[in-house]
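Thanks for sending this one over. My notes follow as numbered points, with the working definitions placed where they come up.

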Amino acid sequence: MAVIATLMNRQHLLTYIYLLVYISLSSGVILYNKWVLSTLYFNFPFPITLTMIHMAFSGGVAFVLIRVLKVVSPIKMTFHIYTTCVVPISAFFAASLWFGNTAYLYISVAFIQMLKALMPVATFLVAVTCGTEKLRCDVFWNMVLVSVGVVISSYGEIHFNVLGTIYQVSGIAAEAFRLVLTQVLLQNKGLTLNPITSLYYIAPCSFVFLFIPWYILEKPEMEAPHMQFNFWIFFSNALCALALNFSTFLVIGRTGAVTIRVAGVLKDWLLISLSTVLFPESKITGLNVIGYAIALSGVVCYNYLKIRDVRISQLQIIPDESTKMEKKEEDNVNRNEDTLWNDSVSDSHSHFDEEAPLMYSSRISHLGRKPA
């Protein structure tokens, strides 16, 4: 018993370490991106370029792991699946990162985190429109509560910027479409992508989509002689974003989607507090806090409803078929780790912004606790 207790304590300690690493990387990537892009600090106001660096680095690492080191095997990807599934998902992924990173130029990190509370609302609306989610009164009123909270928070924002808000909301909308498309296109075809294969297929395609707006909007300005480029800054920034992607997957695999959602809430409050300390120009008001608290309560209620629905569906399993279903459930848990990554391929987050689009999904893909 003593040995078992010791092992359990070690397992719990390791889980807490994983969560701490995830929260640190998720917060760090967002603050790092803000510091790099802000004209008040490192002064590299080229969000598309920064996103392309992340995509090129992640895609390159994935290529080495799959083709050179053969850590994992690529999936059977046909040209038809690539063009009909990977390409549209990559397009919305690129858009969500582009718009999310651009928002850093205009609004504060704290306000961006508050706006990200709209993510479940956007995903729910897109899912209902696409027919993958049913319109329910209880969920609808939760979405209304979240929206009201965000409106109050926006009203209390001291340095409210319309353009920055539009960019962030557009990024949230693009991420919502990506999440739903991932479910409709990839999962319905029985394809599952782990973090390495996700980056291998999606990152290069996203890079191509970003190249066109980069060539039109940012390339001319980057030719100016005063533009600075520090290799180690961008290398470490891209490395942190990549590490966040892997840490997110490891935490989900060890604790489940519910735990990472709770950790995400704690991370958001920590990030809002840290941003006001590290970036003095970022101020939050009492109305900001009240609005965000209202929005967050709606998100928590929504998560509770989704968890309840999953548990009810599990209780409806016929007892006589429990043995057969046990095996099926075990297989589903294994597949769900990959499925959840499909839904969330940061941290955020996104992190989506390399945090939010890479982390959060409006669906609970699995609730099981599985050791890493």
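1. **Burial and surface.** Buried here means under 20% relative accessible area, exposed means over 50%, and partly exposed is in between (1.4 Å probe, protein chains only). The chain has 372 residues, and 49% of them count as buried. Its accessible surface comes to about 17,300 Å², with 69% of that belonging to carbon and sulfur atoms. The areas come from the Shrake-Rupley method with a 1.4 Å probe, and for residues only the protein chains shown count as cover.

2. **What kind of model this is.** Please keep in mind that this is a predicted model: local features need pLDDT of at least 70 and side-chain atom pairs count only at pLDDT 80 or more, while totals for chains, interfaces and linings use all residues. Residues are numbered from 1 along each chain as its sequence is written, and side-chain values use heavy atoms, with hydrogens and water left out.

3. **Secondary structure.** The chain has 13 helices and zero strands. Helices (H or I, at least four residues) and strands (E, at least two) are DSSP runs, numbered from the N terminus.

4. **Salt bridges.** How many salt bridges does a search of the whole structure find? The search gives three, where a salt bridge is a side-chain nitrogen of Lys or Arg within 4 Å of a carboxyl oxygen of Asp or Glu. Side chains of opposite charge can pair when their charged atoms come close.

5. **The pair in helix H7.** Arg178 forms a salt bridge with Glu175, and their closest N and O atoms are 2.7 Å apart. The two are separated by about one helical turn, because they sit three residues apart in helix H7 (residues 162-186). Arg178 counts as buried at 0% relative accessibility, and Glu175 counts as buried at 0% too.

6. **The other two pairs.** Lys267 bridges to Asp268, with 3.1 Å between the closest N and O atoms. Lys267 is buried at 0% relative accessibility, and Asp268 is buried at 12%. Arg136 pairs with Asp138, where the closest N and O atoms are 2.8 Å apart. Here Arg136 is partly exposed, at 25% relative accessibility, and Asp138 is partly exposed as well, at 30%.

7. **A nonpolar patch.** Which residues make the nonpolar surface patch of about 460 Å²? They are Phe63, Val64, Val68, Leu69 and Val71. Patches are made of residues with over 30% relative accessible area and no salt bridge; like charges are joined within 9 Å, and nonpolar side chains (Val, Leu, Ile, Met, Phe, Trp, Tyr) within 5 Å. Phe63 belongs to helix H2 (residues 47-68), and its relative accessibility of 42% makes it partly exposed.

8. **Two residues with positive phi.** Lys70 has phi near 55°, a positive value in a residue other than glycine. Lys70 lies in the loop between H2 and helix H3 (79-103) and is exposed, with a relative accessible area of 61%. Asn43, also not a glycine, has a positive phi near 65°. Asn43 is in the loop between helix H1 (2-37) and H2, and at 35% relative accessible area Asn43 is partly exposed.

9. **Contacts across the sequence.** Ala117 and Val299 are 182 residues apart in sequence, yet their C-alpha atoms are 7.2 Å apart in space. Ala117 sits in the loop between helix H4 (109-115) and helix H5 (119-130) and is buried, with a relative accessible area of 7%. Likewise, Leu239 and His54 are 185 residues apart along the chain, with 8.2 Å between their C-alpha atoms. Leu239 lies in helix H9 (residues 231-255) and is partly exposed at 39% relative accessibility.

10. **The second largest pocket.** This pocket has a volume of about 240 Å³. Of its 17 lining residues, the closest to the centre are Lys34, Tyr106, Ile107, Ser108 and Glu281. By class, the lining has eight nonpolar, six polar and three charged residues; Ala, Val, Leu, Ile, Met, Phe, Trp, Tyr, Cys and Pro count as nonpolar, Asp, Glu, Lys and Arg as charged, and the others, Gly among them, as polar. On a 1 Å grid over the protein atoms alone, a pocket is an open set of points where a 1.4 Å probe fits, with protein on both sides within 12 Å along at least five of seven lines, and lining residues have an atom within 4 Å of a point. Grid points are joined across faces, edges and corners, and the volume is the space filled by probe spheres set on the points.
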